[in-house]
Structures are given as C-alpha cells and as structure tokens.
There are 2 protein chains.
Amino acid sequence: MALIVQKYGGTSVADCERIEHVAGKVAATRAQGHDVVVVVSAMAGETDRLLGLAHRVAPRPNRRELDVLLASGEQVSMALLCIALEKRGLKARSFTGGQVCIRTDTAHTKARIEKIDTERLRRTLAEGMVPVVAGFQGIDEVGDITTLGRGGGDTTAVGVAAAMQADECHIYTDVDGVYTADPRLVPDARRLPRITFEEMLELASQGSKVLQIRAVEFAGKYNVPLRVLSTFKEGEGTLITYEDHAVEAALVSGVAFSRDEAEIALLGVPQVPGIAYRILGPVSDANIEVDMIVQNVARDGKMDFAFTIHRNDHPQVMDILRANLGHIGAQDLQSNERVVKISVVGVGMRSHAGVASTVFRALAEAGIELRMVATSEIKVSVVVDEKQLEAGVRALHKAFGLASPPKEDMSHRGAAG
Amino acid sequence: MALIVQKYGGTSVADCERIEHVAGKVAATRAQGHDVVVVVSAMAGETDRLLGLAHRVAPRPNRRELDVLLASGEQVSMALLCIALEKRGLKARSFTGGQVCIRTDTAHTKARIEKIDTERLRRTLAEGMVPVVAGFQGIDEVGDITTLGRGGGDTTAVGVAAAMQADECHIYTDVDGVYTADPRLVPDARRLPRITFEEMLELASQGSKVLQIRAVEFAGKYNVPLRVLSTFKEGEGTLITYEDHAVEAALVSGVAFSRDEAEIALLGVPQVPGIAYRILGPVSDANIEVDMIVQNVARDGKMDFAFTIHRNDHPQVMDILRANLGHIGAQDLQSNERVVKISVVGVGMRSHAGVASTVFRALAEAGIELRMVATSEIKVSVVVDEKQLEAGVRALHKAFGLASPPKEDMSHRGAAG
C-alpha cells in the first residue's frame, strides 16, 4: 500500500461531469489499496472570471484581497469533488490552505510555501477518508489568505507530497506525459517513460508547458517522484525522478522550443570591464528577464554582444538600449523579433561528446541558418528564424533517433518488466 | 463617535457597480467619524448557482461540503468590497468566519453561533481600517466551515454587533424600513420610525419579510439596537429596540398577512384527555409546523378542532389525518386551501382593551367573514377567505388610523427633535 498525492488541474475539474470522472479515478486508486491525498485547482475559467470582477472594481486591486478572492475558486472545486466522492460511498473531507496550515510568506499573489502541517491530513487518512486539499493557496503567519501564483497548484501537490513523505506525486493534466518533442509538430514523437528532474527543468524552461518550473524545482529539492499523467486517457505517464545510475541515460531525451523570442545585438561594443553589466543592468532593473547571452571574442578591442528576451518585452528593451547607446559606446543596435529557440536536452550529454556537432550537422543538412548558439551541461540551444522552427525540431528529433526508444531504455524496461 | 455594524445583503452587492455604491456608503459613515464593521452576503444569485452545481453532482450533497461550497460566496463579495474600499483610499481587510473565529455548533447548513472572538476586529479598527466580515458562515470546534442557513447574514451582523457592543446594527435591504402594512396592498401605509423587538418578531412571523426572525430574536436577547435601511434610498429607516417607557406605545403598530395558509378542521371530535396530541402528534412527527390552533367548547362531549398549516403541507397533513381518523374518533374532516391570515400587532395592546372588538367591527363593516380567530398578548390574528385579503388589510389599517402617525409618536418626535 502506497501513499499517493494526486493533483487535478483546472481542465480536469472544469464541470460537474469531469469532477465525477475525477472522483472515479480517485476511487479506483483507493480500490487498489492505496492511500490518496487529492489536490485540486479551481474549475477552468473560474480564476479568470474572478480576476475580471476584481479588475472591473479597480484597475489595480489590493493584492491581499485579490488572494482572498482567488482562493474562493479552489474552495468550490474541492467541495464539489468531495460531494462526488461521498456520492460514490467514499468518505472525503475538503480543506482550504488555511485549514491544513499551508504556511507561506506574506508575498500576496506570489507567496512561497514555508511549512505544511501534516497532522490533520494524517488523522483524516487514518480515519479511512480521502483528504481533498485546495491547491494554489495558503496562509501567512497572521492567518491571512495567500496564493502561490499561477501554476501554484502543482507546487502545493509537491509540497504536500514532500511533507507527507508520499511515495509518488501524480500530476494529472490534459497531456499523457512528457514527449521527445511536441507531437503537434513531430508526428512520431514518443512519450518518455521516465526523465530526470534536471531534464524536466530544462524542457520546462525551454517552453514545454507540461509542468510549472517551480513545482519541478521543489520536487527535485525534496526528492519527490513526480508522475505526469492524463486525466482523460489511461496510461503510465512520465515519471520524473533523480538520475537512475543503474540505467545508462539517453544521450538526448527531448527537443523543446520556444516561439516567443526576440534577439537583440549590439555591434562594435568596446571590450572593457563591466561592459556586460552596463548593457544588461538597466534591462534587469526594468524587471525584464534575459534568456540567452552570447558574447564573442573581441577584435581590435571591439566585440559583438547579443541576447534574447521574451518577444513582448522587445519594444521596452529597445527603448532602454537606445537611451543608453552613448554610454555603452556601441557602433550599432540590431534586433529581430521573428526568431525562435530550439533546444535539445539530455543528462547523457554529461558523459558524451559530440552532441553539439550533431545538432549543427543536422541543422546544416536541413538548410537552417543558426543565428545564436548557447550550451549548458545538459542542453544545446540554438536561435533560428521562426519560419524554420518546424523543420529544425523535426531534423533534431530525427538526428538523435528519438522516434524509437533508445536501446538503454529498452533494456531497462526489459529488465524491470 | 459611534461603532456601527453595517450589513449588506445579496441584492446590495449583486454586481461590481453596486459593490462600489456600498463602498461609497461605508466611506460616508467613516467620514462622519464613526467606526464601521461591515458584514456582507454573497452576491445575489451566487448561492443558488453554487447549490445548482452541488445538486448536479449529487441529489443529496454531503452537508459538510455544501457548507464549504456555499461559504465561498461571501469570500468573493467581501474581497471585492475591500478592493472597492481600498480604491477609495480607505484601508480595509476582509475576514472569513474562520478568520474572526465566529464559533458555531457543528450543525452543518443550519449552525448556530456560540461565540465570536472580537480581538482581530478590535485590532483592525484600532489600526484605522474597515473590517469586512463574511456573513452567514463560521467554524466549528475542529475548524470545519459551517453556515448558518438562509438569512444567516443578518444573524452574523447582530452577533458581531453584540460581541463588539456596537451602538447600532444597520441592516441594509431593498426596502427602506418597516411599514404599517405592505405598501403594495395599502397605498397610504406609513414607514414606522421605531418599533419594538416583540412587535418585529410578531410581524416577521406573520409574513413580513423584512428581517429574519432569528436575527431579531438574537438582537432582542443581546439588546442590540437594529436599524432597517435601504441601500438604494436615503432615509432613517426603522429602529428596532426595546420598548421605550418614556413614550406611550402605539396601540397597533402594523398589519401583517400571510398568503400561504391552509385551514383544517376536525368536526365532532370526542372531548377526552390527550385528544389534541392524538390529532397533532403525527403531524408534528412528520416535521410539519402547525400555526394557529383553535378548539371550541364541547357540546354533548363533542367538539370541533381546527388549525392552520403552510399551504404546501396540505396534501401530506390530509393523508396523515385520514389514516388516523378512526383512532381520533372524529365525525368529519374538512379543509380549505384558499385562506389567508391577517394580524394586527402592537405592544400597546397590553395596556388597552378593545383591540379585538375593533378588529371584529372593522371586518364586519367590510363584509368579511372570520373563519378562525387567535389572540396573543400583542397580536390579534384572523383567518379569512383569500379573496378578502386586500379588503381586510385595508379595513384594519384604516380602523387603527395607521395612515397618519399616532399622536404619541408625534409628541415623542417633537420632544426629541
């Protein structure tokens, strides 16, 4: 008998029929003899409806009260799920973040979990009941309601799983696992049976929308095995854990991409100490996140400095740089809003050379021009023209043989099953 | 500077515009130098929407979870009201029933308030803020969410006012006070500037829908001066307090009526000990409330026994009595679903004789046949055919001179103002 935390997102509890479907899944897990703690989000659309009301009352609503308002959303879905569970003959009890003491800091609308008191949850399980906990919300030290920000429901589930020392944390979404690439772009993309926290973090930060980065970080920090599953389709999903040293890791696990990139280049910048800060300091002061940064070797004391940002931030960044151009001493400022980023990710890169050159060869053979390149320990990212996104993702997916399961993984599955 | 508890019902906070209007009224009271604690209901229609969701999931939803579900309604309106107050530059803080420890028993969906902890409210006021409290909800001893049942928002307001020893508790509704009769029936009906708790209780139980009976009882028990006011129309409303002995009370304060009556009569019942229980015991066992009961003097050991019930209960009561007719030993069973009850109410009756005979004379002159009569210390009620409701109410309103203010009240107002 295992203890499993199951998290159902907004689309999984979008209406009464889906809530009954979720109750059926919880009942099935209980029937297998497992203890279950459920974490739910607000019904899909509810958070936006409540935000709409708040903004009709005030353009910048008070953030403490915004949290009180938004927290009502999960209160509705958790109660309805318990009503559905009770109808099936299961005993169930819903709990707000406050009722199970999900203690957070006081940063309203983006609070961080500090502590979870498991006493009430353990007692509820011991009484043979299913606790259903509101995701996304908590209380601060004076008992005020806080929310964790969008996607906070996943973080609540991981936090509860960590505090309860659950065997696995299941995140139910509308996809049935993590894929080697987006199946809408690459028809022969394959679901990964397992993947490491690090790979998942890189995939998430590279645009794969399956899980929230914070929840993955949190799971990695507390070593909570995460499983991504579909609410609507049976299957094993994808298990996210620490690297299993008994199994040789795949060279590349997947190809991710991000469409919303803009590339900015400063040409002929004097190579002097502190120049990178002189360029990016004012951008960062404006709370704009810079993603890739590339600086090449200087010639005659001058170099080119390029970086990527979210496409929405492009006009503001250009304004900042134009105002600063004299101070920076650059000869020219160029930008391109029609670029995308493609990344290959895999922990196997650590012990294998040649991944970058396979990337370059595959893209060259597909006639794709590289605009920028950046690498990390387990990732190679390239920036290309947005027209070449699909061809690039497919070329890399094929070059690393991702359509068929890697030999290592096959032997592992053979040995395990 | 006074401390005033203001309670705004569902129609007062039905949409964002009305919530801003309420914020304006709170701000105006603050501007007069008063401390204000606000109690709000859920936005009109929200409770029914949530109940609809629950009943779509299960025909008889778990009551603990129903309370969790319904309590989300006030959470939305209290947060929106605080957002509106903050936009106006006032400091405001919303609190759920749990956050200000409105402790109730565990009777989910109809809990009763046991205790209110005022510490957080006093601290909030001391910091110059407006506390906005969710009406209708509380928590039980284990921290589970409870609700007080429909109309519980008024009870919360009175409870908060009693616990805080507020100077007055203002109940804002869509009527501007308590009238001598329903103005839709009696065009010259007059708003009463003041009325006693007892009169208000009798008027409420006789069908006047202005305030919930439980809230009036509660206010009387803790001697909280209640004022009924309109959210949408300026005015003094009606103040409900204990009898003011300095002022001679009006003979009759108002005429109330109830349309939903049915009359049942058992004829030729043997006059034996325990016969009333033999008739009404099974009715009461079926949880049906009996209103007026009239038993006349026996002749030849036989008497007639009549009572009134809510019209909806008529078929069930008739079934119960028919099944019991042999055991009761009655000669005949008659009933009439087309009757209404009219009552005149006034604490002045205590010290004045002749009210009943004025009622009888006025109705006789209007050609109205009395079917049943019942009197209490401050009330005379009659049952008449439903076709004579309007004529009866008007005749009584006129007979007691209610259209013009009573002399006693005039002199009082003259002396006070």
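Reply: In chain B, the buried residues of helix 11 pack against strand 13 (254-270), strand 16 (332-345), helix 10 (355-365) and strand 18 (379-385). Packing here means contact: two residues touch if their C-beta atoms, placed from the backbone, lie within 7 Å. The model is predicted: local features need pLDDT of at least 70, side-chain atom pairs count only at pLDDT 80 or more, and totals for chains, interfaces and linings use all residues. Residues are numbered from 1 along each chain as its sequence is written, while chains are lettered from A and ligands numbered from 1 in the order in which they are written.

Helix 11 of chain B spans residues 389-399. Its buried residues are B:Gly392, B:Val393, B:Ala395, B:Leu396 and B:His397. A residue is buried if 20 or more other C-beta atoms lie within 10 Å of its own, exposed if 12 or fewer, and partly exposed in between; again the C-beta atoms are placed from the backbone. Helices (H or I, at least four residues) and strands (E, at least two) are DSSP runs, numbered from the N terminus. Just after helix 11 of chain B, B:Gly401 has a positive phi of about 60 degrees.

Now chain A. A:Gln388 sits in the loop between strand 18 and helix 11 (389-399) of chain A. Is A:Gln388 buried or exposed? A:Gln388 counts as buried, because 20 C-beta neighbours fall inside 10 Å. Its C-alpha lies 32 Å from that of A:Tyr277, which is 111 residues away along the chain.

Next, the sheet of chain A. Six strands form an open sheet in the order 14-15-13-16-18-17, with antiparallel pairing. Two strands pair if DSSP finds at least two bridges between them. Strand 14 and strand 17 (372-376) of chain A stand at the edges; each has a single partner strand, so one side of each lacks a neighbour in the sheet. From one strand to the next, the twist averages 30 degrees.

Helix 6 (197-205) of chain A touches strand 13 (254-270), strand 16 (332-345) and strand 18 (379-385) of chain A. The direction of helix 6 makes about 145 degrees with that of strand 16 of chain A. Axes are lines fitted to C-alpha atoms, for helices over the stretch in contact, and angles run from 0 to 180 degrees between N-to-C directions. Helix 9 (314-328) of chain A lies across strand 13, strand 15 and strand 16 of chain A, at about 125 degrees to strand 16.

Helix 9 of chain A also meets helix 8 of chain A. Their axes come within 10 Å and cross at roughly 145 degrees. The crossing is right-handed. A crossing is left-handed if the near helix is turned anticlockwise from the far one by less than a right angle, and right-handed if clockwise. On the helix 8 side, A:Arg278, A:Ile279, A:Pro282 and A:Val283 take part; on the helix 9 side, A:Val317, A:Ile320, A:Asn324, A:His327 and A:Ile328. By class, the contact has 6 nonpolar, 2 polar and 1 charged residues. Ala, Val, Leu, Ile, Met, Phe, Trp, Tyr, Cys and Pro count as nonpolar, Asp, Glu, Lys and Arg as charged, and the others, Gly among them, as polar.

Two loops deserve a look. A:Asn287 lies between helix 8 (275-285) and strand 14 (290-295) of chain A. A:Asn287 is not a glycine, yet its phi is positive, about 65 degrees. A:Asn287 is exposed, with 8 other C-beta atoms within 10 Å. B:Phe136 lies between strand 6 (130-134) and strand 7 (137-139) of chain B. Phi of B:Phe136 is also positive, near 80 degrees. B:Phe136 is buried, with 29 other C-beta atoms within 10 Å.

Last, the two chains together. 29 residues of chain A are in contact with 29 residues of chain B. On the side of chain A, helix 1 (16-31), helix 2 (46-57) and helix 3 (63-87) each give two or more residues. Helix 3 gives the largest share, 14 residues. That side has 17 nonpolar, 7 polar and 5 charged residues. A rotation of 180 degrees with 0.1 Å of shift along its axis superposes chain A on chain B, at RMSD 0.2 Å. That is the relation of a two-fold axis. Of the residues of chain A, A:Ser72 comes closest to the rotation axis, at 2.6 Å (C-alpha). The same surface serves both copies: 100% of the contact residues of chain A recur in chain B.

Definitions and conventions. Least-squares fit on C-alpha atoms with pLDDT ≥ 70 in both.
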